Amino acid sequence: MSDVTIRVASETHDRLASVAEAQGLSLRAWLDRLAETARTPAERTEEAERTRRVLREWSGYDPAVPHAEADELLARRIAEVRVA
């Protein structure tokens, strides 16, 4: 793996290094972990859609439905689960 240099203000570097140190990591290791876990807008959209689909399949609740109807649906499903 080749290294690259990323230029940031010294205050930014110090802040990130402090956060990394508090987690017991080097700045390099912390940035590697950040890069592995950060999501692009497209990845967040895809994950949100998967979550919405699972929620809809499990409970019938769909956040895209107007609130009054969605709230009623969710309340009904919660009541059903409490009875079971």
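Start with the lining of the largest pocket: its residues divide into nine nonpolar, two polar and three charged. Here Ala, Val, Leu, Ile, Met, Phe, Trp, Tyr, Cys and Pro count as nonpolar, Asp, Glu, Lys and Arg as charged, and the others, Gly among them, as polar. This is a predicted model, in which local features need pLDDT of at least 70, side-chain atom pairs count only at pLDDT 80 or more, and totals for chains, interfaces and linings use all residues. Residues are numbered from 1 along each chain as its sequence is written, and side-chain values use heavy atoms, with hydrogens and water left out.

The largest pocket has a volume of about 480 Å³. Select Val 4, Ile 6, Leu 27, Arg 28 and Leu 31, which are the closest to its centre of the 14 lining residues. A pocket is an open set of points on a 1 Å grid over the protein atoms alone, where a 1.4 Å probe fits, with protein on both sides within 12 Å along at least five of seven lines; lining residues have an atom within 4 Å of a point. Grid points are joined across faces, edges and corners, and the volume is the space filled by probe spheres set on them.

Next, colour α1 (10-22) and α2 (27-37), the elements that give two or more residues to this lining. The most comes from α2, with six residues. Helices (H or I, at least four residues) and strands (E, at least two) are DSSP runs, numbered from the N terminus.

Move on to Ala 38, in the loop between α2 and α3. Ala 38 is partly exposed, at a relative accessible area of 42% (buried is under 20%, exposed over 50%, partly exposed in between, with a 1.4 Å probe and protein chains only).

Now select helix α3, residues 41-59. Its 19 residues reach 26 Å from first C-alpha to last, close to the 27 Å expected at 1.5 Å a residue (1.5 Å times one less than the number of residues). Just after α3, Gly 60 takes a positive phi of about 85°.

Finally, zoom out to the protein chain, which has four helices and zero strands. Its C-alpha trace spans about 55 × 25 × 25 Å along the principal axes. Of the 84 residues, 8% count as buried.
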